[in-house]
Amino acid sequence: MTAVVTVEHLRKAYGPVMAVDDISFAVEEGEIFGVLGPNGAGKTTTVECLQGLRHADSGTLRVLGLDPQTQGRELRGRVGSQLQESALPDRIRVWEALDLFASLTPGAADWRLLLEQWGLAGKRKASFASLSGGQRQRLFVALALVNEPQVVFLDEMTTGLDPAARRVAWELVEAIRARGTTVVLVTHFMDEAERLCDRLAIVDRGRVVAAGTPQGLIDLHAPQVLVRFSSAAADLDFLYRVPGVEAVTRRGERVEVAGTGPVLALVAATLVERGLIPTDLRAERATLEEVFLRLTSRSPGEEVV
Amino acid sequence: MTTLRKMVAVELKLFLREPLTVVFALALPLITLFVLGGVFGNIPDPEFYAGAGAMDFYTPAYIGLVLASIGVVSLPAHLAGNRERGVLRRFRASWVPAAVVVGAEAVVSLLIALVSGVVLVACAMLLYDVNPPQSALLLVPAFALSALAFSAIGVMLGSLIPTARAAQAAGMLFWFVMLFLGGAGPPPEVLTGVLQALRHAIPLTYVVGLLQGPWLGSGWSWVDAGIVAGIGVVAGLVTIRFFKWE
């Protein structure tokens, strides 16, 4: 795999406010890479620097081998982007927007095909104002792809969408990757990052506090598993002898076994051995949200591996 | 170049789809023409309008008024609205050059002004027997210079004023002051004291002077031309310094 985007020790301040303190990560070709963090963590500043829209104070940035600070013009033809809080004029029609943005890049994709691909053919002559949230999102994706980019930056693309439209937007992101385009996804939604990203960097207060695959981060930072089942058995203390089990609590017939590692399989085996075969045995794993809350609630000076 | 052409085409369509700007740029000067033309007619009166017929005097002034309405009402509201709503941000993300965004506005203003001006002059000549310009040849550069200056004022205001609502409010204020004091309202001869001083402080006065010269036969005014060009250059420089995408 080759890195298509690299960020090394990026630093950017707005006057006295440190937006990005020290951010480094690399995005590999063909993956969906997430930049996850609370509002104000420095995510947007980072991607804006990567697109050459802002000048970094220090650090080394490379996108497709180009330096966004000095080769922005070249970069333009090869990346696509959807910035947060951006819009089109109310009265512009769908085809006019695509035609206009296509004219920016010589040899751009045929926007008529994009209309078809992104389900906008029926809305060709509709004005931007008349589009639903989901349709606008599809138009923005089509606009971001009109120059046949190798990398697209999507900043908070699902903010403000209803749950159904968010799911549609997620499918769009996966469809972008399916055509071979690398995606850099900026979001503050944990479920979105967990569902979509191959790898991600969690950013807080201008620093990367953790990076890896969603599952890898969960295993490392929130390895707890909670196994739940119902049982009328009087004595369940034998469960403490199962490797990895840390606590057994019960409330009436409902039992909760907390632990780490493959506790679900081991607890299940032990129960069956004892002739206890609950029908509602299930495990709850931590989600990215727990990792996120754990990592981002630390004090700023504390180092996180 | 292709992008500028497409942007002009799109902006032109957007302009025509926006009722406020169409009313201000195309309809209002015509209404003013009908009302004042009906009141004053075109019989020369030696006491007013430097001895010219009222409508001979007002027709070039209304052309100036069209330019002013584009420059202080339509353009700033449009540009500020696009910034406020994130349209400029979207353009910037796709690397639309600032020169294309601003340049397209200027070109569209010129085109609208030209159409509006021609309609206005045609109506004035047909309805009120307004005399054709004494020097059509000098009228062309006078019009071009004036249109450029007001385009520059428009993009400057659009760059300085943060929101569309503020731009509309400020634009209306400027426009009415210009309407009454800039030579398209009461005859300059009746303005006294503060009003006369204000008259000399607004750009439209010089634009009207520049347009009336070739029209009424007093020729090209280098003073007015210099002032109008100066205003345009200053507005352009302010735009370059203060233009903001977001």
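Predicted model: local features only at pLDDT ≥ 70, side-chain atom pairs only at ≥ 80, totals over all residues.
Residues are numbered from 1 along each chain as its sequence is written, while chains are lettered from A and ligands numbered from 1 in the order in which they are written.

Let's start with confidence. The model scores ipTM 0.81 and pTM 0.79. Chain B has a mean pLDDT of 88, with 100% of its residues at 70 or more (pLDDT is the predictor's confidence in each residue, from 0 to 100). Among the elements of chain B, the lowest mean pLDDT, 81, belongs to helix α2 (residues 19-40), and the highest, 94, to helix α10 (residues 222-242). Helices here are DSSP runs (H or I, at least four residues), numbered from the N terminus.

Now for chain A. Its domain assignment gives domain 1 (3-216) and domain 2 (224-285), with bounds that come from an automatic or database assignment. Taken over C-alpha atoms, the centres of these two domains of chain A are separated by 44 Å.

Where do the chains touch? On one side are 19 residues of chain B, in contact with 18 residues of chain A; contact means that the C-beta atoms, placed from the backbone, lie within 7 Å. On the chain B side, the elements that give two or more residues are α1 and α4 (87-93). The largest share, six residues, comes from α1(B). By class, the chain B side has seven nonpolar, five polar and seven charged residues (Ala, Val, Leu, Ile, Met, Phe, Trp, Tyr, Cys and Pro count as nonpolar, Asp, Glu, Lys and Arg as charged, and the others, Gly among them, as polar).

Zoom in on α1(B) and you find a helix pair that spans the two chains. The axes of helix α3 (residues 94-102) of chain A and helix α1 (residues 2-16) of chain B come within 9 Å and cross at roughly 160°. Axes are lines fitted to C-alpha atoms, for helices over the stretch in contact, and angles run from 0 to 180 degrees between N-to-C directions. That crossing makes α3(A) roughly antiparallel to α1(B) (angles under 35 degrees count as roughly parallel, over 145 as roughly antiparallel, 65 to 115 as roughly perpendicular and the rest as oblique). Glu96(A), Asp99(A) and Leu100(A) meet Lys6(B), Met7(B) and Val10(B) here, which gives three nonpolar, no polar and three charged residues.

Inside chain B, follow helix α9 (residues 203-216), whose axis comes within 8 Å of that of helix α3 (residues 54-84) and crosses it at roughly 140°. The two are therefore oblique to each other. Residues of α3(B) in this contact include Phe57(B), Ile63(B) and Leu67(B), and those of α9(B) include Leu204(B), Val208(B) and Trp215(B). The contact has 12 nonpolar residues, two polar and one charged.

Helix α9(B) also packs with helix α6 (residues 136-160) of chain B, at about 165° and with the axes 8 Å apart. That makes α6(B) roughly antiparallel to α9(B). Among the residues that meet are Leu138(B), Phe143(B) and Ile153(B) in α6(B), and Val207(B), Leu210(B) and Trp215(B) in α9(B). This contact has 13 nonpolar, two polar and no charged residues.

Definitions and conventions:
Contact = placed C-beta atoms within 7 Å.
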